[in-house]
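Q: Could you zoom in on one part of this model and walk me through what sits around it? I'd like one connected tour, starting from a single residue and moving on to the sheet and the ring contacts.

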Amino acid sequence: MARKTSKKTDQPSPDAMPARVDPCLATLVDRPPKGPDWAYEVKWDGYRVAVHIEPGRVKILTRGGYDWTERFPAVADDARRLAVKTAILDGEAVVLDDQGRSDFGMLQRALGRLPSAVESGAIVCYAFDLLYLNGRDLRRLPLRERRRLLEPLVAGREGAVRLSEEVQAEGEEFYRVACAHGLEGIIAKHQEKPYRSGRGEWWQKITCRRRDSFVIVGFEPSTVPGHLGRLLLAARKGEDLVYVGGCGTGWSSDLSRELRKLLEGIATKKPAVSVGRKNAVFTEPRLVAEVEYRAWTDDWKLRHASFKGVRQREDDATVFELI
């Protein structure tokens, strides 16, 4: 896309600064792509934000376009210190745990969603793209060039606005190390592509999925007669069971009916644990579900859990234990 020029100076006319840019979204894939055109970053577990910087004003917009500037005061304050006149940074607002990993539960507490002593000042923004800079719309440029312009602005900073580093490694090896260190996953980005709003193959995400066994302590019926809506699950904690949430995906229509029938056969009026669910049908804790999930919430509930199989609870040692 050619830029307009001024007749008097033959200099490019400034591009209008967008009021909002729909974010580029990564497509979930099973394995990291290979090749020299791909760059890799940590997948942060937080809120996607766009930081708009203008003279005398900083505005922080969520992925959905909501103005959350007041919720990220430290990020807004630090963004004012960047050596730019106008800019739009694309990034992720996170709170880091004591091992430097983004923790969504801590972020929720810092935003006041959960009671906690975590301060809003603990929130940092990891910038991974630069969409607009000093009167120039950069979205037409390849990622490699956008990163070249971004890095001098935020690299090496220890404030609330930081650089999301590109990792120089093979994708498969980086993914293995990321998962081993308890990260949510990695992001792969094609370095020669422009910035395109919406979901596409030029950005890909590869998440680290965890898999463990949990005792089935009940279920919620589906709105479809005879089908299963949600499994209610528990982990061990010492000699007791503790409710850890549930899962409502991972089964076919036929398996849904089979599981419902199986669980109705061990239904009981005496719950093994308290689950706080109005439509719960309690079962004797005799079956174990194999569950794949992404992570834990701050109050020890499963995130993005998916059913993988069921077996008899014969060996408690295989049931996940909370420490």
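Predicted model: local features only at pLDDT ≥ 70, side-chain atom pairs only at ≥ 80, totals over all residues.

A: T86 has a relative accessible area of 16%, which is under the 20% cut-off, so the residue counts as buried. What is around it? Beyond the neighbours within four places in sequence, T86 touches M17, I53, E54 and P55, as well as Y132, L133, N134 and G135. With G135 there is also a polar approach: a polar atom of the T86 side chain lies 3.2 Å from the backbone nitrogen of G135.

Now the sheet. Four strands make up an open, mixed sheet, and their order is β1-β10-β9-β2. β1 (24–28) and β2 are the edge strands; each has a single partner, so one side of each has no neighbour in the sheet. Ignoring direction, neighbouring strands here are turned by 40° against each other on average.

Down at residue level, E41 has I187 as its bridge partner in β9, and K189 is bridged to W203 in β10.

How well is β9 covered? 6 of its 6 residues are buried, and that goes for both faces: G185, I187 and K189 are on one side, while I186, A188 and H190 are on the other. Helix α4 (residues 171–180) lies across β2, β9 and β10, and runs at about 155° to β9.

The structure holds 12 aromatic pairs. One of them is W44 with Y126: the ring centres are 4.0 Å apart and the planes are at 10°, so this pair is stacked. It links distant parts of the chain, with W44 in the loop between β2 (38–42) and β3 (47–54) and Y126 in strand β6 (residues 124–133), 82 residues apart. W44 and Y126 are both buried.

F214 and Y293 show another geometry. Their pair is edge-to-face, with 6.0 Å from centre to centre and 70° between the planes. F214 belongs to strand β11 (residues 210–221) and Y293 to strand β15 (residues 287–293), so the pair ties together parts that are 79 residues apart in sequence. F214 is buried, and Y293 is too. Follow the rings onward and you get one aromatic cluster made of F214, Y293, W296, W300 and F320.

Note on methods. Residues numbered from 1 in each chain as written. Heavy atoms only, no water. Buried < 20%, exposed > 50% of the residue type's maximum accessible area, 1.4 Å probe, protein only. Polar contact = N/O pair within 3.5 Å; in protein donor to acceptor, adjacent residues only side chain to side chain. Contact = heavy atoms within 4.5 Å. Phe/Tyr/Trp six-rings, centres within 6.5 Å; stacked < 30°, edge-to-face > 60°. Helix = DSSP H or I, 4+ residues; strand = E, 2+ residues; numbered from the N terminus. Pairing = 2+ DSSP bridges. Axes fitted to C-alpha atoms, helices over the stretch in contact; angles between N-to-C directions.
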